[in-house]
Amino acid sequence: MKIYLGADHAGFELKTQIYEHLVHNDIEAEDVGAKTLNDLLGAMSSLLNWMERQQLILSNPLKHVERVRERAPREFRRALLPADAQRLLAVSPPHRATVYLMVLYTGLRSSEMKGLKWEDIDLDVSPATVRVPSSISKNRKTSVHGLRPE
């Protein structure tokens, strides 16, 4: 979205066509969620309403832009029940079962598991630990997880 400032402060012109095109045509193509677009619209509208009250613009050019309808909520994801986890481990090859156990006990995300290096695992302490560097964790904070003996 671009804002063009004219020579005088009353000359603000907001190009809403860019926003409307993004909202109505390119949600999947741009991988932008409806909530993100609605949040953007809300923030821009708040700013423009304030500018209108301050008499910096004549009117809010976004006041007639409709919010995006959010898709139906996805099915709720649930954690594995202990019996489900036991069945998964029973049918998994040993090298995968080890990885699954680590995920089950630590709660690491797949992206965090993929980003781990051998130097992040410390087997010399009791209990053994795995360190998730801030560069790969979702919240960008380093965390240390204890490993169970299994």
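Biologist: Where is Lys141 found?
Modeller: Lys141 sits in the loop between β4 and β5. This is a predicted model, in which local features need pLDDT of at least 70, side-chain atom pairs count only at pLDDT 80 or more, and totals for chains, interfaces and linings use all residues. Residues are numbered from 1 along each chain as its sequence is written, and side-chain values use heavy atoms, with hydrogens and water left out.

Biologist: Is Lys141 buried or exposed?
Modeller: Lys141 is exposed, at a relative accessible area of 56%. Buried means under 20% relative accessible area, exposed over 50%, and partly exposed in between, with a 1.4 Å probe and protein chains only.

Biologist: And what does Lys141 touch?
Modeller: Leaving out residues up to four places away in sequence, Lys141 touches Val132 and Ser134. Contact here means heavy atoms within 4.5 Å.

Biologist: What is the bridge partner of Val132 in β5?
Modeller: Ser143 is the partner of Val132. The two strands, β4 and β5 (residues 143–146), pair in the antiparallel sense over 4 bridges. Two strands pair if DSSP finds at least two bridges between them. Strands (E, at least two residues) and helices (H or I, at least four) are DSSP runs, numbered from the N terminus.

Biologist: How many bridges join β3 to β4?
Modeller: 2 bridges join β3 (residues 121–122) to β4 (residues 129–132), and these strands also run antiparallel. Asp122 stands opposite Thr129 in β4.

Biologist: In what order do the strands form the open sheet?
Modeller: The order is β3-β4-β5, 3 strands with antiparallel pairing. β3 and β5 are at the edges with a single partner strand each, so one side of each has no neighbour in the sheet.

Biologist: Changing topic. How many salt bridges does a search of the whole structure find?
Modeller: The search finds 4. A salt bridge is a side-chain nitrogen of Lys or Arg within 4 Å of a carboxyl oxygen of Asp or Glu.

Biologist: Which residue meets Arg131 in a salt bridge?
Modeller: Asp120 does, at 2.9 Å, N to O.

Biologist: Is Asp120 buried or exposed?
Modeller: Asp120 counts as buried, at 6% relative accessibility. Arg131 counts as partly exposed, at 37%.

Biologist: Last one. What does the secondary structure come to overall?
Modeller: There are 6 helices and 5 strands. Along the sequence the pattern reads β-β-α-α-α-α-α-α-β-β-β. Of the 150 residues in the protein, 26% are buried.
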